[in-house]
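I opened this notebook to keep track of what I looked up in the structure. The entries follow the order in which I went through it.

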Amino acid sequence: MSAGSSEEDLDDIIDEICNDSSFTKTPPKLKSNSASLTAERNSVVVQAHGKRCCPVYLGGSLSPSGIGTNISKRACDQLRCTACDFRVSLFNDYVWDQSCDYLFFRNNMPELSKLRAKMIKKKGARAYACQCSWRSIDELTDLQTEQQLRWVCGKHGE
């Protein structure tokens with residue numbers, strides 16, 4: 001990939017963010033007509049199609065999931081690892097045993113029956129793993145604080 005095409009990709013992303021009208025719209029006013037409320041809810045879902053979290057958050061099972069923003073802090077449930085190109089699996093109310101290592105995940109992802117051997121039940125936690133990395137999270141955490149993880153939002157609503 002040339003530097004020019006990389007800069008064009010970044011420019012496209014920046015333009016998409018700047019031109020995103022959902023950031024500038026005022027929230028819809030609630031009406032008593034249930035049909036119009038349903039239409040308003042559906043329009044929010046349409047706007048979210050193909051969107052990415054910014055910033056990306058990880059969170060425990062008590063954290064809301066979905067598209068994370070600075071205003072709506074939600075744990076991303078569409079993570080993908082750029083190191084192993086695997087979708088990141090998440091397991092509510094579990095943490096990983098301290099004996100977990102790279103080979104365990106390399107050999108057992110994404111087979112839940114094999115992964116259960118090193119999962120420990122913990123209310124409110126969430127265990128994340130791809131084929132090369134894993135984390136146990138209790139509370140909402142900005143992914144940027146986890147420098148060694150190569151996880152990105154893989155887009156929502158597709």
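I began with a pair of strands: the bridge partner of Val95 in β4 is Ile120. I noted that the model is predicted, so local features need pLDDT of at least 70 and side-chain atom pairs count only at pLDDT 80 or more, while totals for chains, interfaces and linings use all residues. Residues are numbered from 1 along each chain as its sequence is written, and side-chain values use heavy atoms, with hydrogens and water left out.

Entry on the strands. I found 7 bridges between β3 and strand β4 (residues 119-129), and the two run antiparallel. Two strands pair if DSSP finds at least two bridges between them. Helices (H or I, at least four residues) and strands (E, at least two) are DSSP runs, numbered from the N terminus. I then checked the cover of strand β3 (residues 89-96): 6 of its 8 residues are buried. Buried means under 20% relative accessible area, exposed over 50%, and partly exposed in between, with a 1.4 Å probe and protein chains only.

Entry on the rings. How many aromatic pairs does the structure hold? I listed 5 aromatic pairs. Rings of Phe, Tyr and Trp (its six-membered ring) pair if their centres lie within 6.5 Å; planes under 30 degrees apart count as stacked, over 60 as edge-to-face and the rest as tilted. The pair of Trp96 and Phe105 is edge-to-face, because the ring centres are 4.9 Å apart and the planes stand at 90°. Both Trp96 and Phe105 are buried. Phe105 also forms a stacked pair with Trp134, at 4.8 Å centre to centre and 25° between the planes. Phe105 lies in helix α3 (residues 102-108) and Trp134 in strand β5 (residues 134-137), so this pair ties together parts that are 29 residues apart in sequence. I looked up the accessibility of each: Phe105 has 0% relative accessibility and so counts as buried, whereas Trp134 has 23% and therefore counts as partly exposed. One aromatic cluster is formed by Phe91, Trp96, Phe104, Phe105 and Trp134.

Entry on the cores. A nonpolar core is a set of buried Ala, Val, Leu, Ile, Met, Phe, Trp, Tyr and Cys residues joined through side-chain atoms within 4.5 Å. The largest one has 17 residues, and those with the most contacts inside it include Val56, Leu58 and Trp151. I also noted a second, separate core of 11 residues, which includes Phe91, Trp96, Phe105 and Leu115.
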